[in-house]
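Reader: I'd like to learn how to read a ligand site and a helix pair. Could you take me through them?

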Amino acid sequence: MKKVVAIDGPAGAGKSTLAKRAAQKLGYVYIDTGAMYRSVAWKMLQEYGDGKFTDEDVAAVADNLTVTLSYENGSQRIAVDGTDVSEAIRTPEVTAIVSRVAAIGRVRRKMVDLQQKMAADGGVIMDGRDIASKVLPNADVKIFLTASIEERANRRYREMKEKGFEIDLTKLQEEIAARDKADSEREESPLVRVPEAILLDTTNMNLDEAEAAIIKLVE
Ligand code: CDP
C-alpha cells in the first residue's frame, strides 16, 4: 500500500534532498511545500521590488496567482502564472522574506488546500513545517528531521556556493536561526514536532544513512 509521509523540520535540515531521494526509491511523489511559499515571496519581489508591502498586499497577490507543480525526471518544477520559477525561488532575496509571507493566514489556507488535494491519492512524501500538525494530520508516517544549527548552516553554505552565491557563513547561520524562530513562534501553523513524529537527527549522518533511515521508517 502506498503511504502518506509527512516530514517537518527547521531550515536546512536536509528535508528536500532526503525526501526527494526517498521518494525516487519508493516510487512516490515528492511535494516540496516550501517552494510554494517561496513562489509567493518571489511574486512579491516582482511586484514590489523595494520590499515595502503590507500583509494585505501579500494576501491579495496570493489570492490572484496560480501555482503549478509538475515533475520532470522525478524533480519538482514550480511555476507561477505559467512562468517557471524553480531556480528563481532559491535566491537569498526570496529567502529573506519568505517567512514573513508564509506567516499570513490567507496565503497558508490557499497553499494547504492545494497540498491536501495533491496528497489525496497517497504515495506522497511531503515536506514543510506544518505537514504532520496541520496539512496531513492523518499521515501514515510522521518524521521530524533536524540537525544542529552549525551543521545546517554548513550544508546550506555548500549548497549556495555550488549555485554560485557568495555568502558569509556566520550571516547564514544567523539568517537560519532567525527563520527558525519566526517559523516556530508564528500564530498560524507554527513549526512544531507533534508528539507522534519520529525524531531523526542527521547531524552525524551522511545522506545515504539518513535516506536509509527514512526508507526504513516508511516501510
Ligand atoms: O529549504 P529551506 O529549509 O530553507 O526552507 P523551505 O522548506 O524552502 O521553506 C521556506 C519557508 O517557507 C520556511 O522558512 C517557512 O517560513 C515557510 N514554510 C511554511 O511556512 N510552511 C511549510 N509547510 C513550508 C515552508
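Reader: Which residues come nearest to the ligand?

Author: A residue is near a molecule if one of its heavy atoms lies within 4 Å of it. Here 20 residues are around the ligand, and Arg38, Arg108, Arg156, Arg179 and Asp183 come nearest. This is a predicted model, where local features need pLDDT of at least 70 and side-chain atom pairs count only at pLDDT 80 or more, while totals for chains, interfaces and linings use all residues. Residues are numbered from 1 along each chain as its sequence is written, and side-chain values use heavy atoms, leaving out hydrogens and water.

Reader: What lies 2.7 Å from an oxygen atom of the ligand?

Author: Look for N or O pairs within 3.5 Å. A polar side-chain atom of aspartate 183 lies at that distance, 2.7 Å, from a ligand oxygen. For arginine 179, a side-chain N or O atom is 2.8 Å from an oxygen atom of the ligand. Glycine 12 uses a backbone N or O atom, 3.2 Å from a ligand oxygen.

Reader: How many residues of the shell around the ligand are nonpolar, polar and charged?

Author: Ala, Val, Leu, Ile, Met, Phe, Trp, Tyr, Cys and Pro count as nonpolar, Asp, Glu, Lys and Arg as charged, and the others, Gly among them, as polar. The shell has 5 nonpolar, 5 polar and 10 charged residues.

Reader: At what angle do helix H1 and helix H9 pack?

Author: Helices are DSSP runs of H or I, at least four residues, numbered from the N terminus. Axes are lines fitted to C-alpha atoms over the stretch in contact, with angles from 0 to 180 degrees between N-to-C directions. H1 (residues 15-26) and H9 (residues 207-218) pack at about 55 degrees, their axes 9 Å apart.

Definitions and conventions
A polar contact is a pair of N or O atoms within 3.5 Å; within protein, one must be able to donate a hydrogen and the other to accept it, and residues adjacent in sequence count only if both atoms are side-chain atoms. Helices (H or I, at least four residues) and strands (E, at least two) are DSSP runs, numbered from the N terminus.
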